[in-house]
Amino acid sequence: MCSSDLAKFADKLSKTQDGDGSLLDRVMVMYGSGIGDGNVHSCHNLPLLVLGKGNGKLHGNQHMAYAMDTPAMNLGVTLLAKAGVPVAQVGDSTGPLAGL
């Protein structure tokens with residue numbers, strides 16, 4: 001999915017009503033890449049984006065930066081916990097992310 005497709009998807013979610021809000025208010029969408037630097041095939045410093053408010057569990061308009069060697073799946077563990085699915089580990093995760 002390219003960035004313009006993501007923008008269309010986010011727009012569609014924001015315009016689709018669900019109760020007293022939109023689908024964008026209800027969902028958590030993790031989007032990104034497994035490559036931080038394609039020239040060296042680095043899996044560090046990955047560009048990741050989270051869309052949605054997770055039914056009030058997430059707050060938007062933030063830029064979060066974590067230590068260089070923070071596993072990307074720490075975000076997955078964090079989002080799962082916020083969705084009510086607490087797990088000890090996913091892949092190489094070391095725990096949930098603080099501040100999200």
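Trainee: Which residues does Asn74 touch, leaving out those up to four places away in sequence?
Mentor: This is a predicted model, so keep that in mind as we go. Once residues up to four places away in sequence are set aside, the partners of Asn74 form one list. They are Ser93, Thr94, Gly95, Pro96 and Leu97.

Trainee: Is Asn74 buried or exposed, and what is its relative accessible area?
Mentor: Asn74 sits in helix α3. The cut-off for buried is under 20% relative accessible area. Asn74 counts as buried because its relative accessible area is 4%.

Trainee: Which residues of α3 are buried?
Mentor: Helix α3 covers residues 73-82. Asn74 is one of its buried residues.

Trainee: Which residue just after α3 takes a positive phi?
Mentor: Step off the end of the helix and check the backbone there. The phi is about 85°, and the residue is Gly84.

Trainee: Which residues lie nearest the centre of the largest pocket?
Mentor: That pocket holds about 1000 Å³ of space, and its lining counts 32 residues.

Trainee: Which element gives the largest share of the lining of the largest pocket?
Mentor: β4 and α3 each supply at least two residues of that lining. The largest share is four residues, and it comes from β4.

Trainee: How many residues of that lining are nonpolar?
Mentor: Sort the lining by class. Nine residues are polar and three are charged. The nonpolar ones number 20.

Trainee: Stepping back, in what order do the elements of the chain run?
Mentor: The chain has three helices and four strands. Read from the N terminus on, the order is α-β-β-α-β-β-α.

Trainee: What percentage of the residues of the chain count as buried?
Mentor: The C-alpha atoms fill a box of roughly 45 × 30 × 20 Å along the principal axes. The chain exposes about 6700 Å², with carbon and sulfur atoms supplying 55% of it. Of the 100 residues, the buried share is 21%.

How values were computed. Residues numbered from 1 in each chain as written. Predicted model: local features only at pLDDT ≥ 70, side-chain atom pairs only at ≥ 80, totals over all residues. Heavy atoms only, no water. Buried < 20%, exposed > 50% of the residue type's maximum accessible area, 1.4 Å probe, protein only. 1 Å grid on protein atoms, 1.4 Å probe; cavity = no way out; pocket = protein on both sides within 12 Å on 5 of 7 lines; lining within 4 Å. Points joined across faces, edges and corners; volume = space filled by probe spheres on them. Nonpolar A, V, L, I, M, F, W, Y, C, P; charged D, E, K, R; others polar. Contact = heavy atoms within 4.5 Å. Areas by Shrake-Rupley, 256 points an atom, 1.4 Å probe, with all protein chains shown as cover.
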